[in-house]
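Trainee: I would like to learn how to read the features of a protein model. Could we start with the charged side chains?

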Amino acid sequence: KSRTAIISMAGTVNGGAAEIKGEFDITTIGDPRGNVRLSARNVALDYPEGLQTESNADLSLMLAAAGATLAGRVDVLGGSYREPLIVSSRVLSGLTQSIDSPAAMSSFLSQLRLDLSLASVEDVRIDNNYGRLDLSAGLQIVGTLERPGVIGRIEASPDGEIYLAGNTYRIERLIVDFSNPRAIAPDLSFLAETRVGSTPIEVE
């Protein structure tokens, strides 16, 4: 005899409204089939630490014979990052180490397929010791949780500023393209201008 579990919850998450609905066939406890949907509006997040955003989200988790898929869309309504950055040899060495070992993931998580869209409705403001600029994004996250890929673009608005080695660089073009559905492989295009005395210098 088949057994079905129905989920329906509503409440607030970080100041925003959220609703979860779903239905699962749990006849075989170790192999549930079905889907659960999350709808959230105006949810505030501080993740990664220091990046404060407000977003809408419509996500679904599908469990089927072929595997599990997390799909949907997140619209970033706006945000800011104002934390100062400190780049040290210790930080740089840490970038070469894996944060999570794939072997440490459960089989379910490692094989979870991704089909997610992330887009900015309003620019995200970066204002710290390395620059003052506004970023927009339109990204598609695909692959699996173990081996994600990203397609899309992050772009800075013109006339932002970057601070390096005591100089201020005015941004003319700063674009980060992602085109590999099997990896997170950014391709940077950068053009900025600074001045040494009264002489303008372009950096590309």
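Mentor: We can. The count of salt bridges here comes to 12. Keep in mind that the model is predicted.

Trainee: What makes a pair count as a salt bridge?

Mentor: A side-chain nitrogen of Lys or Arg has to lie within 4 Å of a carboxyl oxygen of Asp or Glu. Take Asp 75 and Arg 73, whose side chains meet with N to O at 2.8 Å. Another case is Glu 172 with Arg 170, at 3.6 Å from N to O.

Trainee: Which residue forms a salt bridge with Arg 173?

Mentor: Glu 204 does, and the closest N and O atoms of the pair are 3.1 Å apart. This pair links distant parts of the chain, since Arg 173 belongs to strand β11 (residues 167–180) while Glu 204 is in the segment after β13 (199–203), 31 residues apart. Arg 173 is partly exposed, with a value of 27%. Glu 204 is exposed, with 72%.

Trainee: Which residues do salt bridges with shared partners join into one network?

Mentor: That network consists of Arg 82, Asp 127, Arg 132 and Glu 161.

Trainee: Where does Arg 82 lie, and what does Arg 82 touch?

Mentor: Arg 82 is in the loop between β5 (67–81) and α1 (89–94). Leaving out residues up to four places away in sequence, Arg 82 touches Gly 50, Arg 125, Asp 127 and Asn 128. Gly 50 is 32 residues away along the chain, and yet the C-alpha atoms of Arg 82 and Gly 50 are separated by 6.9 Å. With a relative accessible area of 49%, Arg 82 is partly exposed.

Trainee: Now the backbone. What should I expect of phi and of peptide bonds?

Mentor: Most residues other than glycine have a negative phi, and most peptide bonds are trans. A cis peptide bond joins Tyr 47 and Pro 48, with omega about -15 degrees. Pro 48 is found in the loop between β3 (33–46) and β4 (51–64).

Trainee: What is the phi of Asn 42, and what is the phi of Ala 165?

Mentor: Asn 42 has a phi near 55 degrees, a positive value in a residue other than glycine. Asn 42 is in strand β3, and is partly exposed at 38%. Ala 165 also has a positive phi, near 50 degrees. Its place is in the loop between β10 (161–164) and β11, and at 81% relative accessibility Ala 165 counts as exposed.

Trainee: How many helices and strands does the whole chain have?

Mentor: The secondary structure comes to two helices and 13 strands. The radius of gyration is 21 Å, well over the 17 Å that the globule rule gives for 204 residues, so the chain is more spread out than a compact globule. The C-alpha atoms fill a box of roughly 80 × 35 × 30 Å along the principal axes.

Trainee: What share of the residues is buried?

Mentor: Buried residues make up 25% of the 204. The chain exposes about 13100 Å², and carbon and sulfur atoms supply 55% of that area.

Trainee: How many positive and negative side chains are there?

Mentor: There are 18 positive and 26 negative side chains, and the centres of the two sets lie 7 Å apart.

Definitions and conventions
Residues numbered from 1 in each chain as written. Predicted model: local features only at pLDDT ≥ 70, side-chain atom pairs only at ≥ 80, totals over all residues. Heavy atoms only, no water. Helix = DSSP H or I, 4+ residues; strand = E, 2+ residues; numbered from the N terminus. Buried < 20%, exposed > 50% of the residue type's maximum accessible area, 1.4 Å probe, protein only. Rg over C-alpha atoms; globule rule 2.2 N^0.38 Å. Areas by Shrake-Rupley, 256 points an atom, 1.4 Å probe, with all protein chains shown as cover. Lys, Arg positive; Asp, Glu negative; His and termini not counted. Charge placed at Lys NZ, Arg CZ, Asp CG, Glu CD. Contact = heavy atoms within 4.5 Å.
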